[in-house]
Amino acid sequence: MSAGIAMAMLGCLIAAMILIPALPGYDPYGQNLSAGYTEPFQTIEGKLYLLGADALGRDLVGRLALATRVSLAISVAAVAISMTIGVTLGLIAGFFRGPAETAIMGIADLQLSIPRVLILIAVTAIVGPNLVNLTLLLGLTSWVSYGRVARAMTLSLREREFVLAATTQGASPIWNIRKHLLPNVMPQMVIVGSFELGQIIILEASLSYLGLGIQPPLPSLGLMISEGQTALEINPWLSVLPGMVIFIVVAGVQFISQGFTAEGADARTSAMAAP
Amino acid sequence: MTDPVLSVRNLTIEVMTATGPARAVENVSFDVARGEAFGVVGESGSGKSLTMLAIMGLLPVGQVRVTAGEILLEGRNLLNLSFDELRAFRGKQVSMVFQDPMTSFNPVIPMGAQIGEIVRIHQPAATADEVRRRVVDLLDLVGVPDPERCYRQYPHEFSGGMRQRAMIAMAVANDPALLIADEPTTALDVTIQAQVMAVLAKARQRTQASMILVTHDLGLVAESVDRIAVMYGGRILETGGVDAIFEAPGHPYTVGLLKSLPRFDRAVDTLHAIPGQPAMVGNRPSGCLFHPRCGLGEGRVDCRARMPELLNATPAHWVACHARGETARWATRIDVDLRQRASALDRAVPGFSESQPLLQVENLHTHFRVARSRGWGREVLRAVNGVSFAIDRRQTFGLVGESGCGKSTLGRTLLGLHRATGGRVVLAGRDVAQMNRSRSRDLRRMMQVVFQDPYASLDPRMDIHDIVAEPLMINEMRDDARVRELMDRVGLPADAARRKPAEFSGGQRQRIAIARALALNPELIILDEAVSSLDVSIQAQVINLLKQLQQEFGIAYLFISHNLAVVRHVSDRVAVMYLGRIVEVGPSDLVFNDPRHPYTKALLAAVPVLDARRTRTKFVLTGDIPNPVRPPSGCAFRTRCALAQPSCARAVPELTAQGHPEHFAACFVAASNTPIRT
Amino acid sequence: MTRFVLFRIGQSVFTVFGVLTAAFFLVRLSGDPTALLLPEQATAAEVAALRTELGLDRPLWLQYGLFLGKALQGDFGMSFRQHSSALGLVLERLPATLELALTAFVLGIGMAFVAGLALRLSGSRRLRALFYWIAFVRQAIPIFWFGLLMILLFSVSLRWLPSLGRGGIEHLILPALTLATFEFALYLRLLDAAFSEQQTQDYVRTAYAKGQTRARTILQHMLPNALLPIVTVAGINLGVLLGGAVVTETVFSWPGVGRLIVQSVSQRDYPVIIAGILVTSVVFVLINLLVDLLYAVLDPRVRLS
Amino acid sequence: MTQQWERMTFIRLAGALTVASLMGFAASTTAAQAQERRLVVAQSADVLTLDPSVNTAALAINVYLNVYDHLTQINADGSVGPSLALSWDIADGAKVWTFKVRGGAKFHDGTLVTVDDIIWTYKKILADAKSPVRPYLKNVTAIDKIGADSVRFTLDTPFITFDRQVTLVSVLPQKAYEALGPEKFSVQPIGSGPFKVVRWVKDSMVELVANADYWGGAPQVDRVTFRPVPTEAARAAGLASGELDIVPVLPPTLVASLSQRPGIRIEKVPSNRTVYVGFNVTNPGLADVKLRRAIDHAIDREAITSKLLRGMGTPIGQIPAPVLFGHDPAIKATAYDPARSRQLLAEVGYKGEKIVFQYPNNRWAFAEEVAQAIGGYLKAVGIQVELQSMEFSAFFPLWLGNKLGHMYMFSLGITVMDADLILNLEYESEVSHGYWRNAEVDNLAKQQRAETDPEQRKKIMSQVWRMSQENAAFAPIYNEIQAYGVRDRVKWSPRPDERLNFGYGPILTGN
């Protein structure tokens with residue numbers, strides 16, 4: 001699959017989830033118990049269920065569209081939060097060194113030494129799972145990978161001669177960070193972020209599975225898979241469809257970022273490849 | 001020439017570029033006779049390394065391929081062989097010494113095993129013990145001390161010179177018929193370079209191998225080979241015996257290269273610079289590749305229309321130029337021209353002027369605390385250990401020394417990038433260290449810098465305008481007109497403003513860096529190896545530009561370089577550093593014509609001389625530079641000094657005047673002025 | 001070297017102390033557990049009495065001090081619900097967790113090496129695309145769903161393997177495979193990237209220039225270097241696997257530490273949560289200590305600096 | 001056990017083979033004959049301790065019932081019958097209870113069960129402030145030994161169901177307990193019940209073997225294994241794959257799919273459990289009875305039970321389930337009448353004030369779906385309801401502390417099978433966790449607690465249920481019909497009280 005196809009699929013998906021809620025008859029909350037577990041393309045009480053319906057007879061098209069938006073919103077926001085924190089702390093640690101670096105890297109080690117799932121489970125139990133808390137928590141616990149990469153890059157960038165030149169011209173640390181370090185660190189951060197995005201969607205799904213993710217009646221992709229599990233033999237589409245959406249999103253984002261980096265990487269790789 | 005070891009016929013190599021396949025090497029033919037040393041000279045992008053990789057069968061797959069020609073090694077066409085068939089030749093019949101001895105060894109495998117590998121591959125019957133003995137012998141041959149111990153050591157435990165010796169040992173392990181040395185000394189200091197070249201010669205002598213020496217350094221080929229080929233833009237422009245070419249170059253490009261080198265023997269103020277940029281792959285001119293930069297063929301229809309063929313001027317000297325009959329006359333005209341320009345310039349008088357010097361450095365120390373390599377605690381690295389000198393306005397002060405001598409640390413300390421641990425820096429009469437932060441920052445703006453690496457010194461994400469404007473922006477003096485003016489002054493086209501550094505060649509990038517350094521109207525620019533990574537033709541352009549700017553703006557330069565010829569050419573006064581101290585300082589004519597310190601003498605002796613007829617006294621400095629964390633007691637140079645006496649270990653010699661009130665050297669035996677010989 | 005080891009040990013101790021502190025305050029914030037410990041018929045007075053009994057009515061700093069004092073003696077208290085030592089409960093589950101995590105790790109990384117070397121040695125672009133597809137698909141499927149599909153296929157339909165609990169090797173296969181396939185995807189991509197990077201190194205060219213074969217160049221020269229970046233990631237990842245295989249443990253009813261911690265969180269069994277997090281982080285820290293030492297063994301450049 | 005060992009042997013023999021062929025061998029031995037009559041039962045979680053004096057979790061009680069004896073026991077039909085106590089007397093208006101203890105019952109270590117053991121057990125629990133069993137005995141003021149074979153409990157208030165309450169206390173062997181100490185006893189317990197504990201591998205299994213010396217006769221099963229299987233899907237898969245014999249309380253979706261599979265039978269039983277909606281009537285938003293009634297009428301119980309639950313429930317109009325003593329069959333479930341709801345809402349002038357609906361999501365089968373359906377019905381009549389799904393561990397303290405804000409969903413399954421506890425837990429002002437209070441109800445509750453005539457008690461309780469319905473104090477939704485997945489080889493019927501007691505129960509045929 002090329003980056004182009006991945007982009008097209010993701011584009012269609014995003015367009016669909018924005019457009020569908022605007023259509024009548026796809027209310028993600030409109031229940032009809034008589035239509036429970038309807039399979040795709042069936043008509044119940046005069047209404048066609050294109051992708052079927054869930055336990056409460058809610059139309060799966062509307063549910064999926066909303067769930068995709070929720071999952072994407074959470075993961076994109078969480079990635080943005082963690083990237084912001086990670087980049088900020090990484091830059092500070094790498095640029096200023098000293099006690100700030102020791103402290104920041106100490107916290108990073110600390111956080112790494114407790115698996116993220118456990119932190120999330122423990123803290124969600126305290127603050128209660130809801131959209132905002134979940135997003136914040138996922139964001140706050142995922143910064144370490146950005147922080148480490150940003151720090152490592154900063155350590156080498158700060159010794160680069162264009163930074164030294166700016167320093168001799170009177171540039172303040174803030175100037176150097178803003179004008180030189182940040183722009184040079186960001187492309188790598190975006191690559192890390194594209195990988196994390198998929199991880200976070202999956203992580204949110206796992207939390208939902210453990211009952212600590214998004215709470216009904218709001219759907220998320222992971223929650224929908226989880227809800228559909230016991231009904232796998234009654235209507236497998238309940239979990240297969242959100243599973244497919246997760247796959248398209250996660251694989252799509254990675255293919256795209258892979259595509260962007262691959263151009264450079266491939267050229268580099270084959271430049272010296274073995275005969 | 002009968003029965004050549006290697007015969008390359010009409011070799012053409014294509015590479016994939018952004019715009020499609022392009023010829024990187026075109027129609028290249030040459031022979032290497034048995035036992036001969038053949039030099040291939042060219043600037044970056046000339047296709048010389050690709051040609052060598054093609055001989056080895058090591059061209060990168062996918063992106064590069066040979067589209068025509070033959071490579072006959074001992075009569076067999078290597079291009080017809082498969083990867084596995086070629087393996088029998090590689091390392092056995094033909095082997096290679098690569099440029100960077102650090103990355104060319106596998107960092108996680110002991111050195112002995114890596115050298116032994118080449119023996120094992122081609123002598124599968126050899127026992128482990130035989131392989132081991134062979135490796136130890138080889139290490140001994142190339143002069144690696146204590147080969148038994150080195151056998152077990154890893155590449156990073158070797159110094160650069162030792163690594164390259166090991167590389168040579170590896171290359172000659174199976175007595176190859178042909179040895180290809182691709183820029184074997186480019187990464188090394190001049191004294192080490194001399195050692196390595198000597199080892200290479202010795203190893204060749206022992207194995208009777210033919211050699212191809214690939215280099216951009218004309219001095220190196222002049223000394224080491226019998227015949228050379230000059231490559232440019234993927235073609236051979238001229239080939240013939242070394243003497244013939246250096247004495248009577250037939251191609252204007254060769255003339256240009258020779259004349260753009262700063263030389264000890266001819267003091268001129270302006271170097272001849274080949275104008276323009278080298279012909280890059282995928283962007284080559286029609287007709288003669290060189291015609292856009294050629295001063296001889298200007299305006300000729302032939303030059304623009306048709307690539308000239310290699311034709312013989314004399315039986316052993318071939319030139320590819322439409323106007324090859326006129327080269328000699330044109331070359332003379334250049335010399336006249338340069339001399340005229342030199343006399344027109346107002347040469348600054350070396351030595352201190354009456355007024356106060358611009359920069360005065362007194363007893364400067366920069367020490368670092370580094371973790372001990374073994375055991376606990378930290379130890380002190382005295383990178384700059386009590387250095388004093390002064391730079392006058394409009395003057396160029398040269399600073400030379402091998403890597404690790406502290407010259408760059410000194411420059412960075414002056415710039416405030418390292419903290420001085422002792423001493424004073426007085427700039428324009430004010431002590432930089434004693435000021436508060438913001439005032440000292442103001443003062444430091446009077447001092448700007450141009451670094452060595454044209455790739456690392458420009459932010460790849462900024463465009464050229466922003467890079468040049470940055471110093472102004474930092475100081476809240478945004479001025480787009482000034483940026484345009486600066487770009488114009490350093491010879492950058494106006495349309496460069498919105499392009500990114502990646503689109504520019506090394507020479508152009510250094511121009512950008514210079515424009516940036518000029519932006520704040522500094523009094524002093526520190527040029528930290530600013531021209532060292534440039535090709536000679538470009539280096540000459542940049543040096544000329546620097547001189548021009550100095551004239552125009554009255555700037556002083558601190559010119560840090562390991563290239564003695566360049567320092568000699570640009571400097572009014574010069575200092576030689578060794579292990580954190582200045583060992584000799586004075587007006588550059590005096591230091592270079594009448595060196596007093598044995599180290600200065602050794603440095604000068606190690607520089608390859610262009611003139612092939614002149615045999616210089618080979619004064620090869622033994623050993624490596626000592627570890628600066630634990631320098632020898634007394635005179636730090638004594639461990640490598642031919643004149644060292646037991647008393648040298650006792651005290652550190654002071655700088656003392658040497659026959660001229662401004663010429664100083666720090667040596668106990670220098671005064672006796674003993675001639676150095678080996 | 002000794003200094004490096006001692007420094008790392010000191011750092012590790014500090015990290016574990018930080019984890020303890022963080023875990024303590026984390027769980028204290030998670031709400032009062034007393035009500036959960038009593039049946040529906042309990043009265044408010046009984047709840048209050050139990051709170052006093054458990055020492056939860058004391059000021060937080062005092063609780064922390066007492067906790068630290070006991071923790072230093074290796075005492076992490078009694079489980080609120082299980083009436084036995086919290087640390088003991090965690091350590092009881094540790095073998096199960098180690099068994100699953102290590103098997104999955106070895107299996108996953110082993111498969112990744114086989115696949116990674118296969119596609120390097122063959123140089124086949126198709127094989128590479130195939131492996132990458134497998135990796136992408138696997139990474140995009142949540143563990144709990146993948147696990148359920150495995151159960152439905154191998155236990156329910158084919159009846160080849162048991163679906164739940166811990167026992168002989170056959171019990172281990174499904175959960176280990178579920179995790180291992182994920183690890184496989186991770187390491188395959190890492191290894192391939194590392195190989196791609198090594199491939200451009202000069203020493204590879206040197207090896208070929210010696211006349212070395214492609215296979216030996218890959219195995220003897222590139223592999224040891226490609227291992228280095230993987231070792232670091234593997235250390236962190238194995239730690240995560242040890243504590244974070246919660247979902248797999250749940251799906252396959254595997255009696256591991258992760259599940260114990262999740263249960264303890266939902267029951268607000270403070271001492272067990274803290275002991276669980278502590279044990280996980282100690283294991284993590286130990287693994288990474290070993291990884292650092294291993295790194296030094298693999299890379300002579302580190303050994304001396 | 002045997003199956004496992006055989007499989008292991010095969011695996012060792014096939015050591016050099018690949019994983020794939022290992023699977024093949026494993027499969028071929030799954031059909032191996034098991035000589036022993038063994039039964040594997042799934043529960044959603046492991047027991048936390050095998051010491052019954054410090055734990056009241058329902059999952060654990062299922063194990064305790066098989067390992068320990070109690071003074072009395074609840075019969076399968078919900079009545080109370082003798083166990084260790086052969087008979088008992090009530091005196092002083094149900095304040096003094098005297099139990100005559102059976103002779104000849106033996107603990108698993110061979111010692112006799114004595115009155116002293118019984119008294120020691122009760123006193124131990126009463127002395128332990130940490131024990132969750134203690135609240136069951138809060139009325140007890142004195143325990144006395146009467147003669148050689150009787151024990152007398154004196155209560156501070158009349159408590160007519162005390163004979164049922166004592167089924168919650170497992171009798172422990174004093175000597176063995178003291179010798180082992182509580183920590184050791186909690187993993188290697190000794191009881192006097194029909195099964196002995198062989199081993200307990202935490203989070204893996206509790207394994208019991210038949211007690212041949214049991215006073216009630218040896219059980220029909222040789223070995224019972226309780227396995228904790230945390231997810232419904234995994235329990236269903238385990239049943240389908242033959243690893244489990246009994247899976248209790250299946251959700252409706254799995255009932256539908258499992259009933260299709262060969263070798264599996266679904267056993268259904270109307271349970272002691274009802275699911276109901278409670279209101280915090282002290283909250284001004286819900287103080288108006290008409291509003292509560294509007295909510296009550298808005299819920300289509302019929303659709304919920306027949307469609308969503310696929311018949312796994314019956315609409316109900318009172319909290320006590322039909323199998324409970326005290327249930328009044330005359331009280332019907334509230335009719336679904338959205339028109340009336342809207343009308344009532346109009347009458348109270350409801351203008352879309354938000355009502356929070358809290359419910360625990362991980363305690364009862366399908367609670368999440370049922371709560372969402374209720375929310376959907378309320379929305380349909382125009383009530384702005386905000387669903388607040390909570391972990392049971394977050395919800396329960398709120399329930400116990402009477403801190404639920406608006407409207408909530410809860411469920412009670414009364415183990416003692418007597419509605420007295422419902423009065424106590426949801427109606428009586430003094431201790432109730434309900435919010436609707438009424439002095440008359442308090443009186444009625446006390447009155448029946450001292451009433452020895454069962455019929456009279458029923459009448460009194462019925463009065464309370466009617467008042468509750470009139471005031472819409474609660475909106476009872478349905479009585480749960482529970483489904484057990486049982487492999488065909490197991491002849492066994494589940495009980496209405498959710499308990500798993502294999503002492504008298506299942507007969508195994510085949511394997």
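The questions and answers below concern a predicted model.

User: How many residues of chain D are in contact with chain C, and what area do the two chains bury between them?
Analyst: On the chain C side, 51 residues are in contact with chain D, and their counterparts on chain D number 56. Of the area buried between chain C and chain D, 60% lies on carbon and sulfur atoms. The answer is therefore 56 residues of chain D, with a buried area, taken as the accessible area lost by both parts, of about 4800 Å².

User: Which side chains meet in a salt bridge with an N to O distance of 3.1 Å?
Analyst: The interface of chain C and chain D holds two salt bridges by the rule, and six residue pairs there are in polar contact, both residues being at pLDDT 80 or more. Because a salt bridge needs a side-chain nitrogen of Lys or Arg within 4 Å of a carboxyl oxygen of Asp or Glu, the pair at 3.1 Å qualifies, and its partners are Glu92(C) and Lys202(D).

User: Which helix gives the largest share of the side of chain C that touches chain D?
Analyst: Several elements of chain C give two or more residues to this side, including helix 2 (44–53), helix 4 (86–122) and helix 7 (169–199). By residue class, the side divides into 23 nonpolar, 17 polar and 11 charged. The largest share is five residues, and it comes from helix 6 of chain C.

User: How many salt bridges does the rule find across the interface of chain A and chain C?
Analyst: Here 42 residues of chain A are in contact with 48 residues of chain C, and the buried area is about 4100 Å², with 75% given by carbon and sulfur atoms. The side of chain A that touches chain C divides into 28 nonpolar, 11 polar and three charged residues. No residue pairs in polar contact are found at pLDDT 80 or more, and the number of salt bridges is likewise zero.

User: How many of the eight residues of helix 8 of chain C are buried, and what covers them?
Analyst: Helix 8 of chain C spans residues 202–209 and is mostly covered, with Tyr203(C), Arg205(C) and Tyr208(C) among its buried residues. The cover includes helix 1 (48–56), helix 2 (83–87) and helix 6 (160–171) of chain B, together with helix 7 and helix 9 (214–244) of chain C. The number of buried residues is seven.

User: Which residue just after helix 8 of chain C takes a positive phi?
Analyst: The phi in question is about 95°. It belongs to Gly211(C).

How values were computed:
Residues are numbered from 1 along each chain as its sequence is written. Chains are lettered from A and ligands numbered from 1 in the order in which they are written. This is a predicted model: local features need pLDDT of at least 70, side-chain atom pairs count only at pLDDT 80 or more; totals for chains, interfaces and linings use all residues. Side-chain values use heavy atoms; hydrogens and water are left out. Contact means heavy atoms within 4.5 Å. Buried area is the accessible area (1.4 Å probe) that two parts lose on being put together, summed over both. A polar contact is a pair of N or O atoms within 3.5 Å; within protein, one must be able to donate a hydrogen and the other to accept it, and residues adjacent in sequence count only if both atoms are side-chain atoms. Helices (H or I, at least four residues) and strands (E, at least two) are DSSP runs, numbered from the N terminus. Ala, Val, Leu, Ile, Met, Phe, Trp, Tyr, Cys and Pro count as nonpolar, Asp, Glu, Lys and Arg as charged, and the others, Gly among them, as polar. Buried means under 20% relative accessible area, exposed over 50%, partly exposed in between (1.4 Å probe, protein chains only).
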